[in-house]
Structures are given as C-alpha cells and as structure tokens.
Amino acid sequence: MAATTANLPQLKSAVDGLTEMSESERSGFINLVSRYLRLAQHIEWSKIQTPTDEIVVPYEKMASVSEDVSETKNLLDKLVVLKLNGGLGTTMGCTGPKSVIEVRDGLTFLDLIVIQIENLNNKYGCKVPLVLMNSFNTHDDTQKIVEKYTNSNVDIHTFNQSKYPRVVADEFVPWPSKGKTDKDGWYPPGHGDVFPSLMNSGKLDAFLSQGKEYVFVANSDNLGAIVDLTILKHLIQNKNEYCMEVTPKTLADVKGGTLISYEGKVQLLEIAQVPDEHGKLSMNSNQLRSSRYSTQKTYGLTFLKAIKKLVEADALKMEIIPNPKEVDGVKVLQLETAAGAAIRFFDNAIGVNVPRSRFLPVKATSDLLLVQSDLYTLVDGFVTRNSARTNPSNPSIELGPEFKKVSNFLSRFKSIPSIVELDSLKVSGDVSFGSSVVVKGKVTVTEKSGVKLEIPDGAMVENKDINGPEDL
C-alpha cells in the first residue's frame with residue numbers, strides 16, 4: 001500500500017529518536033517527506049513557452065571583461081567558488097572521494113581546482129575562497145586531504161551536506177530506527193541540498209560579512225567548470241540572482257532537461273516531468289526549440305543574499321526526485337532534489353548558453369582517456385582543448401568492463417594514444433595498447449579469441465575493425 005500523510009506522525013516520531021541528526025536535518029527531512037506525500041505538482045503543457053535570448057542568453061552576446069586588472073580584481077573579490085565533493089570514486093574502482101582521482105600529470109581533480117584558484121589569487125591580488133560541500137561519505141577523508149594545501153594561497157572551507165535516513169519502503173519508517181545504523185542506512189539528499197546546508201553551516205553569513213556576493217557552484221569532476229568573469233560581470237550588471245549554464249545537446253547526452261518559460265519565470269523541465277500523452281520524444285520536437293540545450297551539471301552562479309532570503313523563508317520547494325533502491329535485500333526510498341530546479345524561485349534568473357568546453361565531466365575511464373590524451377593540454381591547472389582538432393565535438397569512446405577501474409585502465413596503456421583525429425573508438429575484451437599509438441577515424445578493437453590482443457608500440461590505426469593480430 002502506498003504511503004500517505006497518515007504515515008507522517010509515526011515517521012516523525014522515529015526521526016526524533018535519531019540522535020545522529022541535527023535539528024535542521026530533522027526538519028528538512030520531514031518537510032521533504034511531507035511535500036512528497038502531498039499531490040505532485042504537474043506542469044500544464046499549454047503554458048510552456050520557448051525562452052527568449054533574454055532568458056537563455058547566448059554567451060557570445062555577453063560583454064567581455066576589460067583587460068583592466070582592477071576591474072577583474074573587483075569582480076573576483078565578490079566571488080566564492082563552491083565544489084560539490086560528496087561523491088565517492090567507487091564507480092571507477094577507487095576508494096575515498098572522487099575528487100582525489102588523478103586526472104592528468106599526477107594531479108587530482110582537487111589539485112587542479114586549487115591550482116586554478118591560486119593562480120587567480122596570485123595574478124590579481126584577490127582572495128577567492130574555495131568551499132567544498134562534502135557528504136558524510138567523503139568528510140573525514142577530505143579533511144585530511146586538504147591539509148596538503150595549507151601553504152597555498154587559497155582559503156579552503158568545508159561543510160557537510162545533510163544526512164537523511166533511508167526509508168524502508170513497505171513500513172515507511174527510517175531504516176536506522178530499525179537497527180540499520182551503519183552508513184548504508186543513510187543518504188545525502190542530492191545537490192539541491194547545497195542551499196540550506198551552506199546556510200546552516202554558518203559559511204553563507206560569514207561570506208556575506210566579507211563582502212562576497214555570488215557563489216559559483218559546480219561538480220568537482222567537471223574539468224570545464226572554471227571561473228568565468230564574463231558571466232559574473234553580466235549577472236552583477238543585470239542584477240540576476242541565479243544563472244544556470246546550459247550547453248547544446250550532443251548524441252551522447254541521454255540525461256538532462258531543458259529550460260522553459262513558464263508563467264513568466266524561467267524553469268527547468270526534466271524529461272521525467274513530460275506528460276506521457278506528449279511522449280518523451282516531444283522533448284526534442286519543434287514545440288520546444290530550447291531543447292537544443294541540455295542542462296548539464298555546470299550549475300552556475302547564485303546571489304548569496306537571495307539564497308539566505310529564500311532558505312530563511314523556507315521557499316525553496318524544488319521538485320522531488322524519488323530514488324527507490326534495494327540495499328542488502330531491503331527496498332528503501334530516498335528523496336532527493338536537484339540544484340538546477342531552484343532556478344524558478346530566484347528573481348531575474350537566467351540561463352546562459354555556454355560553449356561545450358565548459359562541460360567536461362569525468363564520469364568513467366573513457367572520459368579519463370579523453371583528458372589524458374593529446375586532445376587536451378594542461379596549463380596553470382586549466383585543461384584546454386588542442387586547437388589541432390578541427391571537429392568541434394569530442395570523439396566517442398566506449399571501453400569494455402576490462403577498463404572500468406582506473407587501475408585496470410592504466411595497466412592497459414603503456415601511454416595514452418594520440419586521438420586528435422579520432423571519430424570513435426570502441427574497445428572490448430582483453431586488449432592493451434603499446435606506447436606512441438595513433439588512432440584515427442572510426443576504430444573498433446575486439447578481442448574474441450581468449451588470447452590477449454596487444455596494439456604494438458608506434459602503431460597507426462585508421463578506420464579499422466581489429467579482431468585479432470592479423471588485422472593489424
């Protein structure tokens with residue numbers, strides 16, 4: 001039987017007995033559950049309108065920042081950089097926070113982020129702070145890791161996002177109150193939690209007292225999400241409280257939604273919200289010209305005072321994402337929210353249609369292959385695309401399960417192949433690559449014989465299907 005609001009008193013009573021939760025976590029969790037149990041909010045399809053260029057602003061139409069160092073310093077002095085650091089590296093076979101995976105030249109995601117901000121601080125004489133939002137999964141490790149940056153010219157702050165109990169689906173009670181006291185009984189409730197958690201940590205008020213005005217929020221694994229002064233200047237000049245960066249969709253983009261105009265406000269429409277009668281394909285129809293844009297996880301900039309005002313008023317009621325799971329044989333429910341869905345609560349909010357280069361996430365070893373190759377160079381902590389590649393899109397790379405873990409991936413390449421002229425690469429089976437290999441065009445490598453297939457040192461492979469040594 002589905003849970004109803006009649007289940008709330010029992011749930012609240014059980015939550016009150018969970019001493020691991022703070023008062024703000026308890027109230028936040030109960031608010032989230034009670035909103036979930038009420039009728040879901042439906043979008044009226046007829047009210048959806050395509051956003052204009054005033055609402056989703058083309059990046060190239062924004063006024064660039066002058067070469068004046070004092071103007072740049074003035075902008076940077078208003079800025080806080082916040083990276084979402086709650087994820088573990090488990091999907092790539094690593095222990096600890098994902099941000100400590102080595103990306104390139106022995107440097108981790110976190111190393112690159114610190115180097116980038118330190119370079120800005122050194123060059124312009126400013127003090128842009130770095131804030132890491134950890135989860136209970138990453139907090140302890142991160143506290144130890146950031147000690148190595150003690151002597152860097154970056155003030156590093158950390159805080160934890162909320163810790164909510166998973167709910168046992170058939171009884172609708174918190175799993176920890178049923179004796180599940182280890183980490184599996186709990187979950188971090190999505191990145192939409194960044195706003196109340198930043199406020200509850202005391203960091204938001206501290207930054208406001210220092211004269212900070214905007215926070216740039218991005219995933220720690222998005223190498224393209226760097227500080228952009230053009231966007232910051234536009235927001236300050238136009239008094240935009242919120243900006244979501246969106247980027248043109250590619251064939252590889254399965255997830256993501258689209259920005260729409262709805263009842264006079266900009267809003268994020270996720271694919272899950274599209275009514276069945278309109279069909280999921282209508283997300284790509286002419287009815288929504290804006291579906292050119294896939295909202296990716298470069299979240300963008302938000303006005304700090306507006307966050308404070310909305311959190312204090314308990315006004316950030318983002319759409320709830322129910323995430324049912326089965327853990328240790330028990331069906332549980334976790335309710336989450338997404339930061340992007342907050343856009344409709346901020347005044348004068350906009351989207352910015354940014355270049356694809358600002359979206360370079362590393363979610364799997366296939367992404368790692370891209371950023372470790374000659375397709376990119378690393379300068380001052382910034383990963384920059386090689387101008388020798390004429391195709392604006394990155395190559396499509398599919399690596400088999402033998403490459404899934406970072407350690408296995410690294411053991412299968414003597415050196416990362418040259419891929420500047422690659423269109424697509426698909427590798428499956430027990431395959432390894434020698435040093436100085438070049439791959440071009442469309443290449444598939446499939447080991448079928450049960451005998452390891454080695455691409456020799458210095459091989460040049462172009463538009464080939466390789467199924468054994470005889471095809472080389």
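Entry 1: I began with the accessible surface of the protein chain, which comes to about 21600 Å². Carbon and sulfur atoms hold 51% of that surface. I keep in mind that this is a predicted model. Next I looked up the charges. The chain has 53 positive and 58 negative side chains. The centres of the two sets lie 2 Å apart.

**Entry 2: overall fold.** I looked up the secondary structure and found 11 helices and 29 strands in the protein chain. Then I checked the radius of gyration, which is 24 Å. The globule rule gives 23 Å for 472 residues, so the chain is as compact as a globular protein of that length. Along its principal axes, the C-alpha trace spans about 70 × 60 × 55 Å.

**Entry 3: burial and contacts.** Of the 472 residues, 51% count as buried. I also looked up how far apart in sequence the contacting residues are. Taking contacts with a separation of 6 or more, 69% join residues 24 or more positions apart.

**Entry 4: strand 19.** I picked strand 19, which covers residues 330-336. How many of its residues are buried? I found 5 of the 7, so strand 19 is largely enclosed by the rest of the structure.

**Entry 5: pairing.** Which strands pair with strand 19? I found strand 18, residues 321-327, which pairs with strand 19 in the antiparallel sense over 7 bridges. I also found strand 9, residues 167-168, antiparallel to strand 19 over 2 bridges. Val332 of strand 19 shows up in both pairings: Lys325 is a bridge partner of Val332, and Val168 stands opposite Val332.

**Entry 6: the turn.** Strands 18 and 19 form a hairpin, with 2 residues between them. Asp328 in the turn has a positive phi of about 50 degrees.

**Entry 7: Leu333.** I then turned to Leu333, which is found in strand 19. Is Leu333 buried or exposed? Its relative accessible area is 10%, and the cut-off for buried is under 20%. Leu333 is therefore buried.

I listed the contacts of Leu333, leaving aside neighbours within four places in sequence. Among them are Pro322, Asn323 and Pro324, and these positions fall in strand 18 (residues 321-327). Val167 is also in contact with Leu333, and this position lies in strand 9 (residues 167-168). The list also includes Tyr36, Arg166 and Phe172.

**Entry 8: one distance.** I looked up Leu333 against Lys405, 72 residues apart along the chain. Their C-alpha atoms are separated by 28 Å.

Notes
Residues numbered from 1 in each chain as written. Predicted model: local features only at pLDDT ≥ 70, side-chain atom pairs only at ≥ 80, totals over all residues. Heavy atoms only, no water. Helix = DSSP H or I, 4+ residues; strand = E, 2+ residues; numbered from the N terminus. Rg over C-alpha atoms; globule rule 2.2 N^0.38 Å. Buried < 20%, exposed > 50% of the residue type's maximum accessible area, 1.4 Å probe, protein only. Contact = heavy atoms within 4.5 Å. Areas by Shrake-Rupley, 256 points an atom, 1.4 Å probe, with all protein chains shown as cover. Lys, Arg positive; Asp, Glu negative; His and termini not counted. Charge placed at Lys NZ, Arg CZ, Asp CG, Glu CD. Pairing = 2+ DSSP bridges.
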